[in-house]
Amino acid sequence: MRCDEVMRELSAPGGLDESSLAEHLSACPRCMAWSAQVDKLNRVWNATRPEEPSSSAFDTMWAKTEAMVSEPEILPFVSASGWKRWGLALVTVAQAAVILIAGMYGLSRPTPAIASMHDYRVEEGTTLVVRLDGSRGVISAIEVRPQRGESDTDMVAADLDVLNYMESGPFE
Amino acid sequence: MSRPIPPQPPFRRALVVALGLLLTGMTLPALAWQAVPGRQVTLFGIHAVPGGNAVDPKLKKIEPQLKKLFPGHSFKLVKTESKRLTVGRSVTCTMDTTGFIAGAELINVLDGDGNVQFKFALELNGQTEFATLVRTPPNQLFFCDKMLPDGSRLLIGLGGR
């Protein structure tokens with residue numbers, strides 16, 4: 001069982017066998033810490049959650065909402081005075097000018113060569129693997145973290161070994 | 001036995017000046033080059049086949065690291081390129097067998113978070129298949145794992161130091 005599966009199970013229980021979950025937790029301090037956090041959050045939520053409204057209160061509220069939505073909205077007509085009319089016309093012309101300038105600027109800019117650009121950040125002590133599939137593009141981004149008994153430094157050292165070796169190529 | 005004739009004083013002075021100029025001309029560009037911030041950037045491609053166990057002799061030295069990152073695969077080195085880059089310069093790596101070209105441009109030698117920034121792109125037949133900004137601590141790797149039509153994978157590694 002993997003740590004991400006365990007964490008998902010702890011956050012939204014129901015998918016995994018309890019005995020194997022307990023077995024994993026007893027052997028994985030990271031998931032155990034996560035489990036403690038989840039328990040703490042549940043306790044806080046249970047202590048502070050608001051009371052559920054009664055079904056009659058819900059029905060009354062729903063009926064009021066429906067009535068409000070079905071009523072036509074009638075706005076009072078107020079005639080604008082002369083200077084207000086000119087002001088509105090001026091604002092309209094200014095808005096049109098701004099839209100026109102923005103449009104021209106947008107058209108004159110060079111089209112980017114790449115339609116969509118991602119942004120990935122590699123955390124200290126992890127190796128990031130972005131998986132691509134031919135038709136769907138990015139299908140997952142996986143952070144390879146230190147395994148049990150390893151530290152972040154071990155991961156960095158492993159990466160550095162690969163980097164150093166590849167740098168020493170080509171290997172003809 | 002004949003002794004070499006010592007050069008005349010004006011000629012000797014000119015020789016010293018010429019030598020001085022020559023040495024200055026040789027060392028200054030080297031010093032200037034070292035002062036420009038840059039990174040040694042490495043791009044490499046590995047063909048990985050799921051279910052296999054064979055490892056290319058060229059990758060034997062880093063087999064444990066590769067098996068840790070991609071367990072249950074066989075590995076074959078496709079290509080490796082390494083270049084010292086300054087900001088705005090790039091390195092490309094043509095993955096001969098697959099037709100893919102991977103490229104990395106150095107964007108920032110060290111950003112505010114202590115990361116090196118690259119623009120990474122993967123192309124096939126002149127079309128950009130994938131492009132991303134990669135921010136990684138120095139000496140740490142970013143991998144792009146491209147699934148190929150036959151189910152095997154092209155692993156492209158990128159790192160800078």
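Q: How many bridges join S2(A) to strand S7 of chain B, and do the two run parallel or antiparallel?

A: Strands and helices here are DSSP runs (strands E, at least two residues; helices H or I, at least four), numbered from the N terminus. Two strands pair if DSSP finds at least two bridges between them. In this predicted model, five bridges join S2(A) to S7(B), residues 142-147, and the strands run parallel. As an example to look for, A:Val130 has B:Cys144 as its bridge partner in S7(B).

Q: Before we go on, what should I know about numbering and about which atoms and residues count?

A: Residues are numbered from 1 along each chain as its sequence is written, and chains are lettered from A and ligands numbered from 1 in the order in which they are written.

Q: Which strand of chain B does S1(A) pair with?

A: S1(A) pairs with S6(B), residues 127-136, in the parallel sense over four bridges. There, A:His118 has B:Thr132 as its bridge partner. Within chain B, S6(B) is also joined to S5(B), residues 116-124, by nine bridges, and these two run antiparallel. S5(B) and S6(B) form a hairpin with two residues between them, and B:Asn125 in the turn has a positive phi of about 50°.

Q: How do I read the area that chain A and chain B bury between them?

A: The size of an interface is often given as the accessible area lost when the parts come together. Buried area is that loss, found with a 1.4 Å probe and summed over both parts. Here chain A and chain B bury about 3800 Å², with 61% of it on carbon and sulfur atoms. On the side of chain A, A:Leu132, A:Leu163 and A:Met166 lose the most area to chain B, together 19% of what that side buries. Counting contacts (heavy atoms within 4.5 Å), 41 residues of chain A touch 41 residues of chain B.

Q: What about charge: which residue does A:Arg131 meet in a salt bridge?

A: Side chains of opposite charge can pair when their charged atoms come close. The rule asks for a side-chain nitrogen of Lys or Arg within 4 Å of a carboxyl oxygen of Asp or Glu. A:Arg131 meets B:Asp145 at 2.6 Å, N to O. The pair crosses between chains, from strand S7 of chain B to strand S2 of chain A. Four salt bridges are found across this interface, and the count over all chains is eleven.

Q: Which element gives the largest share of the side of chain A that touches chain B?

A: H6(A) does, with 13 residues.

Q: How confident is the predictor in each chain?

A: Look at pLDDT, the predictor's confidence in each residue, from 0 to 100. Chain A averages 76, and 80% of its residues score at least 70. Over residues 110-115 of chain A the pLDDT is below 50, and beyond near neighbours in sequence this stretch has two contacts in the model. Chain B has a mean of 84, with 80% of its residues reaching 70 or more. Among the elements of chain B, H1(B), residues 9-35, has the lowest mean pLDDT (62), and S4(B), residues 100-108, the highest (95). For the complex, the predictor gives an ipTM of 0.71 and a pTM of 0.55.

Notes:
Side-chain values use heavy atoms; hydrogens and water are left out. Buried area is the accessible area (1.4 Å probe) that two parts lose on being put together, summed over both.
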